[in-house]
Amino acid sequence: MNLKTKISCLISFVFFLSLSSIADLKAQKKKEANLKLWYEQPAGKIWENALPIGNGVLGAMVYGNVDQEMIKLNEHTLWSGGPNRNDVPETLGSLDQIRQLIFAGKQKEAERLSDKVMFGKKSSGQIFQPAGTLNLNFPGHGSYKKYYRALDIEKAIAETSYTIGDVTYTRSVIAAFGDSVVVMHLTANKQSQISFTASYTTPHQRAAIKVVAGKDFTMTGLTSDHEGVKGMLKYEVISRFKNDGGIVTSTDSTFSIKGANAVTIYISVATNFKNYKDISGDAHEKALQHLDKAYSKSFGTILNAHIRAYQKYFNRVKLDLGSSESIQFPTDQRLMNFRKVSDPQFVVLYYQFGRYLLISSSQPGGQPANLQGIWNDKLYPAWDSKYTININAQMNYWPAESTNLAELHEPFLKMVKELSETGAETAKSIYGTRGWVTHHNTDIWRITGPVDGAFWGIWNGGGGWTSQHLWTHYLYNGNKNYLNTAYPILKGAATFYKDFLVAHPTYKWLVVNPGTSPENAPQAHGGSSLDAGTTMDNQIVFDVFTSTISAARILNRDPEFIDSLVQMRKLLPPMHIGKYGQLQEWLDDVDSPNDKHRHISHLYGLFPSNQISPYHTPLLFSAAKNTLLQRGDVSTGWSMAWKINWWARMQDGNHAYKLIQNQLTPLGDNPGGGGTYNNLFDAHPPFQIDGNFGCTSGITEMLMQSADGAVHLLPALPDVWEKKGSVSGLRARGGFEVVSMEWADGKVVKVIVKSTIGGNLRLRVPNPMNMDVSVLKKAKGANQNSFYAVEEIPDAIISEKANLLPPVLKETFVYDIQTYPGKLYTLLLD
């Protein structure tokens, strides 16, 4: 071989190595980016650019700013006000008059009277408030290169790195599971390079900052007075610094470290809150106890325990929809381009981000995720960042059972129990009934009276709807001991309606009056939301009666009471189909096909309930579809998420995916609608976390449903996901878990189902299948598994003007398999 040939071969070899290295780098980058939100610039001053971390007790927003880092801090019990009630007993004396005005078609007069007697006298609820900000000033870090920040949702860790000169700096921040502290670890690749000054800022007026004994940097405060309720929650933030080398100095209001090799910052936050009626705790003692326990451990020890505790939940569900070159780009760029390119993995990232947020904001023993989860930087956030229970708080927990996070449902279920306690007095004093009731908002003090004004606040279905979460929890786990504890709450919700329902003078049905279809008002009612027997109210009462009847029969309790509910359920209004072929929102046919309101509350019966079904109530199913088409796709964030669930129940995966595209769009690109912020928070706007959770639920519903008499696999798979995919870990009613499911070309190739409590497994699939060990039996008749019982729905009343087409459904194949506890069952493509 001559020299020229050798050189040519060498050049070719080097070129090959270069291409291989580039390919390896791209592959590594793609692998690393799988479940990371990452960016090439800091968050700056924009809260919606910062990255959320949380452990159910503490929440923090990490900005990743180089020279002026900010860690915005929240604590789950840090709310304005103190224990209080907002009942308005004066209502009872005017209740009959309000009802008569509504029955007479004078809804606006009824609304004015309701505003006069029910509202403006008591608090409309308290505010979830921030603790403040830990600021870190890094002198000389204004000019940098190779910037990178990320949120690794597989490990629940926020990371920032950058280079100045020949020094690379790295920051890692976690809200430590198991240690109730936020921990920040700062390192550099050279010695003696870590220097900064720490300070606090807070929007609270009654706050004090000091350094204690030269080591604990503290901020104490008192939360706000609000709407006549005195702020009584004391809070304390303590930051403690563990430095490897360097010099430590402090002033009255700052803490500085200079020339350290590494620094770990331990941050503890606590309040004097014990429960909704007891604030006798010691904020200082609690904060110090958590801090002392954590400070004795190294960052590595805390991190390892944190990852183990977090992944116990997170790793239960895996989703693979394929990948594309888009994965190589930063998250904000992927968000900007999602509608224009193929990026199926971005859907997976958003899906798992929803699960990450629920794990981070809702832990057993803590408060439920509120309107913003556990993250808020404002003293007066939108809607007080409390619990809106005419949809939003419920939506937060839609993914809990199906995406294998059932334990995280506990804070919400506990709140419902507490509402049943406070709501008993509200039912008695406002409405003169037994049982319990709550309206459309509550807070940490578990208020149950009406808030804001009659247009929004007179809706009294909050107790009925939230109680159904207890029943759903039972349907997934089958635990009779749990059901026994939940039954009094279900019974109390049913008892309220048993006493509260009145006969409609025209139709003779038993109706809720006063009621509303949340936040919407037909022009035919004078622009008032008040009415009697709205469709959503009727659907909720039907569910409350049905679940209470079922629970009592399972537990063999209260036969006479249950017989009375059975008789009353027969007297509830059936659903109506109006002249435009729509599911009526009100008893009267007054819907407008031009109504684009964000609330489509009368489709509660389609999802999360199962009263509207393609197999059991096909005409109602078609009417619900007409309603969805008439309302259109333009939506606020949470409304868009609900529509994804509805279109999944419609078995229209392509339409559901179109809404996912709308949701995964930068705010401002959907004229008149919501979208997503750069940190993937849902944009109503402003930020509401329910849209994140609702979309995760909707994607799950596209892949598997279990509310309509069977475990339905791939009920709404869009064309863009058909080629190949897999999911594992989803849970279905009756104690079934889809251990794994693979599909190709829109067909289920293989599925393994685990039965935890036994019973008949009815599977509905898009293609014929067989079992690996026995012959599959085709399903016949009703499913004998009681967890899949579908209550018979009364026939709809249909307008003569309605032009209804029966639903056109894809062919499915339905099989029954007798299962036993703890066993696995494998089905393969036939």
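Q: What should I know about the model before reading its features?
A: This is a predicted model, in which local features need pLDDT of at least 70 and side-chain atom pairs count only at pLDDT 80 or more, while totals for chains, interfaces and linings use all residues. Residues are numbered from 1 along each chain as its sequence is written, and side-chain values use heavy atoms, with hydrogens and water left out.

Q: At what angle do helix 17 and helix 18 pack, and how far apart are their axes?
A: Two packed helices are described by the angle between their axes and the distance between the axes. Helices (H or I, at least four residues) and strands (E, at least two) are DSSP runs, numbered from the N terminus, and axes are lines fitted to C-alpha atoms, for helices over the stretch in contact, with angles running from 0 to 180 degrees between N-to-C directions. Here helix 17 (residues 637-649) packs with helix 18 (residues 653-663) at about 165 degrees, and their axes are 8 Å apart. The two helices are therefore roughly antiparallel to each other (angles under 35 degrees count as roughly parallel, over 145 as roughly antiparallel, 65 to 115 as roughly perpendicular and the rest as oblique).

Q: Which residues of helix 17 and helix 18 make the contact?
A: Contact means heavy atoms within 4.5 Å. On helix 17 the residues include Met640, Ile644 and Trp647, and on helix 18 they include His655, Leu659 and Gln663. By class, the contact residues divide into eight nonpolar, four polar and one charged (Ala, Val, Leu, Ile, Met, Phe, Trp, Tyr, Cys and Pro count as nonpolar, Asp, Glu, Lys and Arg as charged, and the others, Gly among them, as polar).

Q: At what angle do helix 12 and helix 13 pack?
A: Helix 12 (residues 462-477) and helix 13 (residues 480-500) pack at about 155 degrees, with their axes 9 Å apart, which makes helix 12 roughly antiparallel to helix 13. Among the contact residues are Trp471 and Tyr474 of helix 12 and Leu483 and Tyr497 of helix 13, and the contact divides into 10 nonpolar, six polar and one charged.

Q: What is the strand order in the open sheet of nine strands?
A: Strands of a sheet pair through backbone hydrogen bonds, either parallel or antiparallel. Two strands pair if DSSP finds at least two bridges between them. In this sheet the order is 1-6-7-8-9-16-13-12-11, with antiparallel pairing, and the edge strands, each pairing on one side only, are strand 1 (36-39) and strand 11 (207-212). Within the sheet, strand 8 (residues 167-176) and strand 9 (residues 181-188) pair in the antiparallel sense over eight bridges, and Arg171 has Leu186 of strand 9 as its bridge partner. Helix 5 (residues 299-314) packs on the sheet, touching strands 7, 8, 9 and 16, and its direction makes about 50 degrees with that of strand 8.

Q: Is Ser114 buried or exposed?
A: Buried means under 20% relative accessible area, exposed over 50%, and partly exposed in between (1.4 Å probe, protein chains only). Ser114 lies in helix 3 (residues 107-118) and is buried, with a relative accessible area of 0%. Not counting residues up to four places away in sequence, Ser114 touches Ile98, Phe119, Ala454, Ile458 and Leu530.

Q: Where is Trp383 placed?
A: Trp383 is in the loop between helix 7 (344-361) and strand 18 (387-388) and is partly exposed, with a relative accessible area of 44%. Trp383 touches Leu371, His684, Pro686 and Gln688, not counting residues up to four places away in sequence.
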